[in-house]
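Please look over the sequence and the model shown here. The report that follows takes up selected features one after another.

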Amino acid sequence: MNPADFVFPGIKDNASALALGIDTGGTQTRWALATANEDIIASGTAAGLTALQLKAQQGKQEFAQVFSDLAAAARSHGNLQTVRVGITGFSDDMRVVILEMLTSILQMPEPCIRLGTDIEIAYLDSFKPGTGYLVYAGTGSIAAYIDEAGQFHRAGGRGYLLDDGGSGFWIAREAVRHIWRAEDECPGASRNSLLAQEIFKTIGGDDWDKSKDFMYHHSRGDIGKLALAVAACANTDDVAADILKRAGQELARLGMAMCKRFGNKPVVLSGRVLELHPLIAASCRTHLPSDISLRTSICQAHFSAARLAARQLKSLT
């Protein structure tokens with residue numbers, strides 16, 4: 001936990017009521033604080049979280065610990081009054097459990113805490129309802145559309161066991177799969193593969209047991225970080241470059257799924273996967289029709305969540 005990764009200059013009155021925005025992801029949780037005027041005054045990071053952790057006792061304890069540490073860090077800047085939380089993997093059947101936990105940890109009444117998915121927050125950071133589609137790729141991947149009536153629609157986001165095409169996890173899995181299929185066909189092939197050497201460097205060894213242990217006993221977020229190794233050699237390794245191009249194609253498919261359902265609208269491609277390599281966005285553009293506008297955005301969803309919480313704060317004052 002980094003209690004206060006960054007404090008924004010120029011705002012001195014931290015004693016006033018503040019709004020807290022939280023964006024959780026499988027790799028990292030980010031938070032930000034805003035005043036009632038929607039000025040961001042501080043931000044920080046914590047360990048990655050997903051709502052799926054709540055299905056196990058250890059996961060519940062980890063979930064509670066991260067939020068406890070995060071709340072303590074945020075409170076050091078002032079008086080928390082409202083919170084907007086976007087949680088990856090969230091569904092309405094988890095609402096009661098999470099609200100009970102957060103009301104206790106944050107020491108505020110339920111009406112001051114609003115829950116939703118991280119993707120809803122990210123969408124509202126990019127579009128007004130009804131105006132476009134968000135394709136978001138982090139550890140997982142999903143396309144989102146909030147219509148004019150406020151109804152949330154999705155494509156993808158089925159999780160790493162079923163899909164998450166184009167995500168960080170998907171890129172990592174495709175790379176490790178290729179390496180060991182090549183070894184099946186030609187033992188020792190990895191010694192001549194820059195991709196394999198980059199992956200093995202991250203995993204900590206070049207034998208199958210090391211790969212097996214990493215892929216089957218590490219978190220989804222940790223596995224997703226292997227995508228960094230793929231990107232690191234994509235300029236000189238054809239296989240790595242092909243994986244990133246196919247990732248872009250997978251993300252374009254999500255956008256097209258929304259277009260087929262609701263008509264052509266602008267698409268915003270966002271999420272940390274975009275930071276890996278330009279090949280991903282370029283491939284996505286190639287696989288979308290030319291008449292569909294595509295814009296890339298490095299989403300600051302924790303800032304958006306804080307500003308949404310600030311609007312709620314204004315309604316309470």
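In this predicted model, the side chain of Glu38 makes a polar contact with the side chain of Arg311 at 3.2 Å, where a polar contact is a pair of N or O atoms within 3.5 Å, one able to donate a hydrogen and the other to accept it, with residues adjacent in sequence counting only if both atoms are side-chain atoms. Leaving aside neighbours within four places in sequence, Glu38 is in contact, that is, with heavy atoms within 4.5 Å, with Arg307, Ala310, Arg311 and Lys314. Local features of the prediction need pLDDT of at least 70 and side-chain atom pairs count only at pLDDT 80 or more, while totals for chains, interfaces and linings use all residues. Residues are numbered from 1 along each chain as its sequence is written, and side-chain values use heavy atoms, with hydrogens and water left out.

Most residues other than glycine have a negative phi.

| Residue | Phi | Location |
|---|---|---|
| Asp164 | about 55° | loop between E9 and H4 |

Five strands form an open sheet of mixed pairing in the order E9-E8-E7-E10-E11, two strands being paired if DSSP finds at least two bridges between them. Strand E9 (152-156) and strand E11 (294-297) stand at the edges with a single partner strand each, so one side of each is left without a neighbour in the sheet. Strand E8 (residues 141-146) pairs with E9 in the antiparallel sense over five bridges, and Ala143 stands opposite Ala155 in E9. Helix H9 (residues 238-262) packs on this sheet, touching strand E7 (133-137), E8, E9 and strand E10 (267-270), and its direction makes about 135° with that of E9; such angles run from 0 to 180 degrees between N-to-C directions, with axes fitted to C-alpha atoms, for helices over the stretch in contact.

Helix H4 (residues 168-185) and helix H5 (residues 194-203) pack at an angle of about 115°, with their axes 10 Å apart. The contact is made by Ala175, Val176, His178, Ile179 and Trp180 of H4 together with Leu195, Ala196, Ile199 and Phe200 of H5.

Key. Helices (H or I, at least four residues) and strands (E, at least two) are DSSP runs, numbered from the N terminus.
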